[in-house]
Structure formats: structure tokens, C-alpha cells
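Colleague: I would like to learn how to read a model like this one. Could we go through it feature by feature?

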Amino acid sequence: MTPLILLADDKKSAAVTDWSARIGWLVGLALFVALVYWLMREGWKWRGTLQGDLPELPTAPDHLGEARLTMSGRYHGSTTAGQWLDRIVARGLGSRSRVELTLTDAGLDVVRPGATDFFIPADALREALLGKGIAGKVLTEGGLLVVTWQHGDRLIDSGFRSDQAAEHTEWVDTLNSMIKTPSTEGAER
């Protein structure tokens, strides 16, 4: 045999890709991702069912009065007061969205394009503070305006972030000056 033929006999072809095995793995992975997504969606719906006793959200009155403050930003969600991870999803409160806030003497008007708008009457406001997290969303210290309000028999924390973070302090001061505590109500009588 000549050396060329011996060299040709020693060469082996490259391993052939097993496409059926690869396709099987991809289909399995896609089914797993779909299952996880479906379970998350069912959990969200179940949480809404558990919170079904939450009354309808108040809507803004026809005449709000003169605006004390306005703000554009993001609505990050609502939770049970003091429980920053206990998200409330009933009545659309769980949907993050853009927000336009208007504070008047009547209360806080929350307008959310693409989500349910709601109104927080002035007598339902309980506290405003600067926070750093709500409903699983964590921001820098003081990067979140958290408004605590009474709805039915629940205290709710709602988190907002302004496009201009410097506005948060003014909002906290103004909201807290509007809130009537039991001690100030007794003094006014």
C-alpha cells in the first residue's frame, strides 16, 4: 500500500450531531418553562381570590378641588401595612404601572394608564413616609414614597416613585400635615 492510502484509512469522520436528542431537550425545556409560568399565574389568581373580601376601590369625586401637589412616576404596588412583601393583588392593586398623582384637600387621586385608577379620601390617609422597598421591589434608601391608608378594615401601604425623586420629601411633609390623628382630632373639638 502506498502511504497516501494508509493516511486515508486512518482518518475518521467527525461525530454526527444527534438532532433528535437536541430537539427533545429543547421541547422538554420549553414545557418546563411553560409549566413554571402557568404555576406562577395560578398563584397570582389564587392570591386575588384569597383577597376577594377587599371592597371596591373608591373613585375620585367629580370636583376634587385645587391641587396641592402633582407627581408623575411609577406605582410599584400595594401591600398589607407594615408587611412589605405581602402584596395585595385584588382589585388591580398588584399591577405595577405609570402613575399620575394629584393631592387635593379631598384626598389623593391615583391615575394609572392601563390599570385601575383609584382615589384615597383624605380621611382614609394614615401616614406617609420615605421607604426603600415594597411588594418585592427594592430601591435606594428614601427612593419610594409609601402612603399608608385605610380601606375597609385593612390598612394598606401603597408605593410610588416620582420621576423627580427630590419631590418625595415635600409629598411626605404635605401628606402628614393633612392627616388627622386621634390626638389632633380631640384638640380641634
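**Salt bridges and what surrounds them**

Modeller: Start with R154, which is partly exposed at 22% relative accessibility. Keep in mind that this is a predicted model.

Colleague: Why does R154 count as partly exposed?

Modeller: Under 20% is buried, over 50% is exposed, and partly exposed is in between. R154 has 22%, so it counts as partly exposed.

Colleague: Which residue forms a salt bridge with R154?

Modeller: D53 does, and the closest N and O atoms are 3.0 Å apart. R154 sits in strand β9, while D53 is in the loop between α2 and β1. The two are 101 residues apart, so this pair links distant parts of the chain. D53 itself is exposed, with a relative accessible area of 55%.

Colleague: How many salt bridges does the structure hold?

Modeller: Six. One of them joins D105 to R68, with the closest N and O atoms 3.2 Å apart. Here D105 is in the loop between β2 and β3, and R68 is in the loop between α2 and β1. They are 37 residues apart. D105 is exposed at 57%, whereas R68 is partly exposed at 41%.

Colleague: What do the side chains of D163 and R98 form?

Modeller: They meet in a salt bridge, 2.9 Å from N to O. D163 lies in the loop between β9 and α3, and R98 lies in strand β2, so the pair ties together parts 65 residues apart in sequence. D163 is partly exposed at 43%. R98 is partly exposed too, at 36%.

Colleague: Now take a charged residue without a salt bridge. Is D109 buried or exposed?

Modeller: D109 is buried, yet has no salt bridge. The test for a salt bridge is a side-chain nitrogen of Lys or Arg within 4 Å of a carboxyl oxygen of Asp or Glu. For D109, the nearest side chain of opposite charge is R112, 9.8 Å away.

Colleague: Where is D109, and what does it touch?

Modeller: D109 is in strand β3, residues 107-111. Leaving out residues up to four places away in sequence, D109 touches A60, L64, E100, L101, T102, F118 and F119.

Colleague: Next, polar contacts. Which side chain makes one with S158?

Modeller: The side chain of S78, at 2.6 Å. S158 belongs to strand β9, residues 154-162. S158 is buried, with 0% relative accessibility. Beyond four places in sequence, S158 touches several residues, including Y75, G77, L145 and W149.

Colleague: What does the side chain of Q150 lie close to in numbers?

Modeller: A polar atom of that side chain lies 3.0 Å from the backbone oxygen of G152. Q150 is in strand β8, residues 144-151. Q150 is partly exposed at 25%. Setting aside neighbours within four places in sequence, Q150 is in contact with A124, R126 and L155.

Colleague: How far apart are Q150 and A124, in sequence and in space?

Modeller: They are 26 residues apart in sequence and 5.0 Å apart in space, C-alpha to C-alpha. Sequence distance and spatial distance are read separately. Look at the chain the same way: among contacts between residues at least 6 apart in sequence, 62% join residues at least 24 apart.

Colleague: Now the backbone. Which residues have a positive phi without being glycine?

Modeller: R91 is one of them, with phi of about 60°. R91 is in the loop between β1 and β2, and is partly exposed at 33%. A135 is another case, with phi near 50°. A135 is in the loop between β6 and β7. A135 is buried, with a relative accessible area of 6%.

Colleague: And the surface. Which residues form a nonpolar patch there?

Modeller: L29, F32, V33, V36 and M40, with about 490 Å² of accessible area together. M40 is in helix α2, residues 19-50. M40 is exposed, at 57%.

Colleague: Last, the whole chain. How many helices and strands are there?

Modeller: Four helices and nine strands. From the N terminus, the order is α-α-β-β-β-β-β-β-β-β-β-α-α. Of the 189 residues, 31% count as buried. The chain exposes about 11,900 Å², and carbon and sulfur atoms supply 58% of that area.

Notes:
Residues are numbered from 1 along each chain as its sequence is written. This is a predicted model: local features need pLDDT of at least 70, side-chain atom pairs count only at pLDDT 80 or more; totals for chains, interfaces and linings use all residues. Side-chain values use heavy atoms; hydrogens and water are left out. Buried means under 20% relative accessible area, exposed over 50%, partly exposed in between (1.4 Å probe, protein chains only). Contact means heavy atoms within 4.5 Å. A polar contact is a pair of N or O atoms within 3.5 Å; within protein, one must be able to donate a hydrogen and the other to accept it, and residues adjacent in sequence count only if both atoms are side-chain atoms. Patches are made of residues with over 30% relative accessible area and no salt bridge: like charges are joined within 9 Å, nonpolar side chains (Val, Leu, Ile, Met, Phe, Trp, Tyr) within 5 Å. Accessible areas come from the Shrake-Rupley method with a 1.4 Å probe; for residues, only the protein chains shown count as cover. Lys and Arg count as positive and Asp and Glu as negative; His and the chain ends are not counted.
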